[in-house]
Amino acid sequence: MRIKVLVALAALLTGTPTLDGVSEQSVNLATPESFASIADTAARSAAMFTELGKVLTHPRCVNCHPAGDHPHQGEQGRLHQPPVERGADGHGLPAMRCSSCHQQANFDPARIPGHPEWHLAPREMAWEGKTLGEICAQIKDPARNGGRSLEELVHHIGTDTLVGWAWAPGFGRLPAPGTQKQAGALVEAWVKAGAVCPN
Ligand code: HEC
Ligand code: HEC
């Protein structure tokens with residue numbers, strides 16, 4: 001009897017947590033080398049960006065890069081509960097700052113994600129509802145990417161710790177595909193091949 005309970009408990013603890021009804025999805029990211037067979041450099045570059053798109057369009061990123069003024073939550077990207085707004089600086093309205101709930105690190109007992117810089121991406125960096133081609137044009141554009149050069153973009157995606165949260169999102173959330181290092185390698189290879197956008 002007790003053993004049965006323990007086994008059931010172990011299954012609960014080690015099994016895949018139920019993620020808003022979303023079961024499995026691709027968790028791997030192809031390496032830049034695996035695109036070597038595409039001889040045309042521009043086509044290779046665009047193909048690598050399409051692969052990177054698995055990360056960029058993942059709910060872990062898009063929930064914080066929404067259209068409009070509200071963050072989203074979970075695998076389905078539902079509106080943030082309780083209702084919060086970006087406010088003037090992306091850190092929330094004066095009465096409801098992100099940091100009043102989101103701490104320095106994930107707080108798993110309450111499923112609250114955390115990071116010292118937890119706040120919403122500015123409006124011009126919204127990815128929600130956009131095609132991958134549109135996202136690509138936007139993140140290359142210094143007027144809409146925080147004034148970043150392509151090299152800075154590589155660095156940001158490959159090493160920024162707020163971006164990195166997406167691969168260690170805490171209990172009950174699917175991490176972004178691959179690893180941050182692999183995503184960084186893909187951006188770098190995409191840039192080296194001419195930073196060509198997919199259609
Ligand atoms: C009153 C508390 C509270 C405030 C204030 C708050 N949040 Fe949250 N937030 C939460 C909780 C709790 C969760 C986890 C909900 C869950 O996943 O079940 C969450 C989850 C999120 C997620 C979802 C991550 C994911 O991919 O699932 C994002 C994004 C987010 N918050 C952004 C923000 C931003 C940006 C602000 C400030 C503008 C903010 N939150 C303010 C409580 C809060
Ligand atoms: C907690 C919210 C949050 C999460 C989660 C998040 N971002 Fe961001 N992101 C931001 C903020 C805020 C900025 C603006 C920071 C700046 O310009 O310095 C930003 C800016 C960016 C930029 C530069 C501007 C642009 O849009 O070109 C890139 C690239 C980026 N994020 C990539 C990602 C990727 C990739 C993920 C998921 C793996 C991700 N972000 C997840 C909040 C978030």
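Select the shell around ligand 2 and colour by residue class: you get 17 nonpolar, 6 polar and 1 charged. Here Ala, Val, Leu, Ile, Met, Phe, Trp, Tyr, Cys and Pro count as nonpolar, Asp, Glu, Lys and Arg as charged, and the others, Gly among them, as polar. The shell holds 24 residues, and the closest are Cys61, Cys64, Asn145, Gly146 and Ala166. To be in a shell, a residue needs its C-beta atom, placed from the backbone, within 6 Å of the molecule. The elements giving two or more residues to this shell are α2 (41–56), α3 (59–62), α5 (150–159) and α6 (161–164). The largest share, 3 residues, comes from α5.

A word on what you're looking at: this is a predicted model, where local features need pLDDT of at least 70, side-chain atom pairs count only at pLDDT 80 or more, and totals for chains, interfaces and linings use all residues. Residues are numbered from 1 along each chain as its sequence is written, while chains are lettered from A and ligands numbered from 1 in the order in which they are written.

Now zoom out to the whole protein chain. How many helices and strands does the chain have? There are 7 helices and 4 strands, in the order α-α-α-β-β-β-β-α-α-α-α. Helices (H or I, at least four residues) and strands (E, at least two) are DSSP runs, numbered from the N terminus.

Next, select α2. This helix has 16 residues and spans 22 Å from its first C-alpha to its last, close to the 22 Å expected at 1.5 Å a residue; the expected span is 1.5 Å times one less than the number of residues. Its buried residues include Met48, Phe49 and Leu52. Buried means 20 or more other C-beta atoms within 10 Å of a residue's own, exposed means 12 or fewer, and partly exposed is in between, with C-beta atoms placed from the backbone. Among the elements covering the buried residues of α2 are α3, α4 and α7.

Stay there for the largest nonpolar core, a set of 24 residues in which Met48, Phe49, Leu52, Leu186, Val187 and Trp190 touch the most other members. Such a core is made of buried Ala, Val, Leu, Ile, Met, Phe, Trp, Tyr and Cys residues joined through C-beta atoms within 7 Å. Click Leu52: leaving out residues up to four places away in sequence, it touches Ala183, Leu186, Val187 and Trp190. Contact here means C-beta atoms, placed from the backbone, within 7 Å.

On to α4, where Ile135, Cys136 and Ile139 are buried. Look down the axis of α4: these buried residues fall within an arc of 100°, so they line one face of the helix. That arc is taken from the directions from the helix axis to the C-beta atoms. They pack against α2 and α5.

Move to ligand 1. Around it are 23 residues, with Asn63, Pro71, Gly92, Cys98 and Cys101 coming nearest. This shell has 11 nonpolar, 8 polar and 4 charged residues.

Now pick His91, in the loop between β2 (78–79) and β3 (92–93). Is His91 buried or partly exposed? It is partly exposed, because 17 other C-beta atoms lie within 10 Å. Beyond its neighbours within four places in sequence, His91 contacts Arg97, Cys98, Ser99 and His119.

Last stop: Pro82, also in the loop between β2 and β3. A cis peptide bond joins Gln81 to Pro82, with omega about -5°.

How values were computed: Contact = placed C-beta atoms within 7 Å.
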